[in-house]
Amino acid sequence: MSIDTDTAARVAKLARIRVEDDQLPALAQEFSNILEFIEQLNEVDVDGVEPMVSVTPMRLKRRQDGVTDGNQQEKVLSNAPDAREGFFAVPKVVE
Amino acid sequence: MLDLSFEPPKPKVIAGAKYDWELVIGMEVHAQVASEAKLFSGASTKFGAEPNSNVAFVDAAMPGMLPVINEYCVEQAVRTGLGLKAEINLKSAFDRKNYFYPDLPQGYQISQLYHPIVGEGEVIVDMEPGIARLVRIERIHIEQDAGKSIHDMDPNMSFVDLNRTGVALMEIVSRPDIRGPEEAAAYVSKLRQILRYLGTCDGNMQNGNLRADVNVSVCRPGQYEKYQETQDFSHLGTRCEIKNMNSMRFIQQAIDYEAKRQIAILEAGGSIDQETRLYDPDKGETRSMRSKEEAHDYRYFPDPDLLPLEIEQAWVDDIAASLPELPDEKKARFVKDFGLSEYDASVLTAEVANAAFFEKVAAEAGDGKLAANWVINELFGRLKKEGHDITESPVSPAQLAGIVRLIKSDAISGKIAKDLFEIVYTEGGDPEQIVDERGMKQVTDTGAIETAVDEIIAANPAQVEKAKQNPKLAGWFVGQVMKATGGKANPKAVNEIVAKKLAE
């Protein structure tokens, strides 16, 4: 499957990554190469094979329901370009 | 198991300018899990805290932070599934739903698209006694809530609070089995009732702890039946999704508006665009969110930070064993065991605390039907007048049972019982003692009543003559006797004696 420059531009936009027009063909080619490789993998017959999610037999780690975190408004906001009255302040976004 | 049989309601028919139309509605209800901490972090879920104070670095999506699942939230999703008679998937998995919005710092929502924890279930939506809609549940999955954006605090900026970011939600997805605005509201209301019985969600719609997305389409009569036969959606119209509604009234208004909008387009020869819309309660209309549509390519993929969620059947069985009696079963039991009408049983089982109160009264009074009358008509009526709920009742179940016992044993009349209830409600005390102390006991001693009747007759010869001509006037004498005895005479005995004496 080959990716054209329009699709590459759309994917970049969805990921909010700016790609200049002259770089789109190269990006599209890279995507195509990745998909080609995946197509090769798809040729392997994996019928009836459980997908392996971890190389060691691990169980999803769980946590008890208790409040152990939070109350750090200052730290949470410390990297924000703009914060006011305890809120993150961002350019207006209204639907 | 006890069951109350029911018939499905007729679908709502809307007359367009040219044709009749029917509605087809499916819903996605987001119910906030009633947990202390968030789904993947240890920050509090408490409503109304200082902005950005209930935020862990996981919620703020700081680099390197990893999610660790709150087992209690998983348990609540399983409990909810069991309460909706649904299959529980012992293996489920988390996926990322990717989109950018300021109140979603991760840039994706962790959800369960491909392998939800709960599969198909059902909800019986009661419309009126004997009439109910069976709504099939397609799935329930666990996901993170987003934060809150405030747009009206500054002309140029939006303000973001991440306190709600990462709080656990259960998304309950129905099949398109709902056939009218009233049914849609009743469905949400029934879900809310079940969730509150289970204790998995507090159902507080005002705080946004229960919200609904509504999928609405219209079709000509007959099409829906074809869909139900084949489960082929092509028999149905194109649907629009109305997002994020947190009031039963708005849900109904939005569906009404949306149906009429779609019908007008179709009858004018147009076609419906499948899209997401918002309901504006001020204007009473739905609006397209088309501007965002292009961005809605979520590129779901399995979340690499989280292993699949595997749970054990034994754990599920333990949860199942701890389920409370649910509304349908409780209602059926009240009808069967106490001889209540289905309507009264519905009123008493609406809230689990009300049902528990009633059962205590019924058990202590030894008469379920009489207890139901007094709980519903007197106690609920009085509490409602004061804006109180059952937990604030000044009358205990034992006190109300005492009043009911006094009525049942004919010790007091119905009228006196109301006075007694008022005394117990406002002053407290033991009903039996109050009746004794204040001489409220009903006079059933026929000798005493006869004396009172004789006195009235002797004092009113003119009335006696009239009453002999017109037996209906006997009521006047009964009234006089009741008055003379301070309402304590047994009305039945008074009636009989008055009739007998007047006939002499």
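Reader: What is the volume of the largest cavity?
Author: In this predicted model, the largest cavity has a volume of about 40 Å³. With a threshold of 30 Å³ or more, the count comes to one cavity.

Reader: Which residues line the largest cavity?
Author: The lining is made up of Val58(B), Asp59(B), Leu104(B), Pro105(B), Gln106(B), Gln144(B), Asp145(B), Thr165(B) and Gly166(B). Sorted by class, three of these are nonpolar, four are polar and two are charged.

Reader: And the pockets? How much space lies in the second largest pocket?
Author: The second largest pocket holds about 550 Å³ of space. It is lined by 24 residues, and those closest to its centre are Val53(A), Ala93(B), Leu306(B), Leu307(B) and Pro308(B).

Reader: How many residues in the lining of the second largest pocket are charged?
Author: Seven are charged, alongside 15 nonpolar and two polar residues.

Reader: Let us turn to the strands. How much of β2 in chain B is buried?
Author: Strand β2(B), residues 20–32, is mostly covered, with 12 of its 13 residues buried.

Reader: Which strand does a hairpin join to β2(B)?
Author: That strand is β1(B), and the hairpin runs through four residues. β1(B), residues 13–15, and β2(B) pair in the antiparallel sense over three bridges. Within this pairing, Val13(B) stands opposite Glu22(B).

Reader: How many bridges link β2(B) with β12(B), and how many with β11(B)?
Author: With β12(B), residues 210–219, there are 10 bridges in the antiparallel sense, and Ile25(B) has Val216(B) as its bridge partner there. With β11(B), residues 168–174, the antiparallel pairing has five bridges. Ala31(B) stands opposite Met170(B) in that strand.

Reader: There is also a sheet containing β5. What is the order of its strands in chain B?
Author: The order is β6-β5-β16 in an open sheet of three strands, with antiparallel pairing. The edge strands are β6 (108–111) and β16 (301–302) of chain B, each of which pairs on one side only.

Reader: Over how many bridges do β5(B) and β6(B) pair?
Author: β5(B), residues 95–98, and β6(B) pair over four bridges. Asn98(B) of chain B stands opposite Tyr108(B) in β6(B).

Reader: A change of topic, to the aromatic residues. How many aromatic pairs does the structure hold?
Author: Over all chains, the structure holds 14 aromatic pairs. One of them is formed by Tyr227(B) and Phe233(B), a tilted pair with 5.1 Å from centre to centre and 35 degrees between the planes.

Reader: Is Tyr227(B) buried or exposed?
Author: Tyr227(B) counts as buried, because its relative accessibility is 0%.

Reader: And why is the pair of Phe338(B) and Phe358(B) edge-to-face?
Author: The ring planes of Phe338(B) and Phe358(B) stand at 80 degrees, with the centres 5.1 Å apart. An angle over 60 degrees counts as edge-to-face, so this pair belongs to that class.

Reader: Which helices hold Phe338(B) and Phe358(B)?
Author: Phe338(B) lies in helix α7 (residues 327–338) and Phe358(B) in helix α9 (residues 352–365), both of chain B, so the pair ties together parts that are 20 residues apart in sequence. Phe358(B) is buried, at a relative accessible area of 0%.

Reader: Which residues form a cluster with Tyr298(B)?
Author: Tyr99(B) and Tyr300(B) form one aromatic cluster with Tyr298(B).

Reader: What lies over the face of Tyr425(B)?
Author: Arg382(B) does, at 4.2 Å from the ring centre.

Reader: Finally, chain A. Where does Asp4(A) lie?
Author: Asp4(A) lies in the segment before α1 (5–14) of chain A. At 43% relative accessibility, Asp4(A) is partly exposed. The C-alpha atoms of Asp4(A) and Leu24(A) are 8.8 Å apart in space, while the two residues are 20 residues apart in sequence.

Terms used. Residues are numbered from 1 along each chain as its sequence is written. Chains are lettered from A and ligands numbered from 1 in the order in which they are written. This is a predicted model: local features need pLDDT of at least 70, side-chain atom pairs count only at pLDDT 80 or more; totals for chains, interfaces and linings use all residues. Side-chain values use heavy atoms; hydrogens and water are left out. Rings of Phe, Tyr and Trp (its six-membered ring) pair if their centres lie within 6.5 Å; planes under 30 degrees apart count as stacked, over 60 as edge-to-face and the rest as tilted. Buried means under 20% relative accessible area, exposed over 50%, partly exposed in between (1.4 Å probe, protein chains only). Helices (H or I, at least four residues) and strands (E, at least two) are DSSP runs, numbered from the N terminus. A charge sits over a ring if NZ of Lys or CZ of Arg is within 6 Å of the ring centre and within 35 degrees of the ring normal. On a 1 Å grid over the protein atoms alone, a cavity is a set of points where a 1.4 Å probe fits but cannot get out, and a pocket is an open set with protein on both sides within 12 Å along at least five of seven lines; lining residues have an atom within 4 Å of a point. Grid points are joined across faces, edges and corners, and a volume is the space filled by probe spheres set on the points. Ala, Val, Leu, Ile, Met, Phe, Trp, Tyr, Cys and Pro count as nonpolar, Asp, Glu, Lys and Arg as charged, and the others, Gly among them, as polar. Two strands pair if DSSP finds at least two bridges between them.
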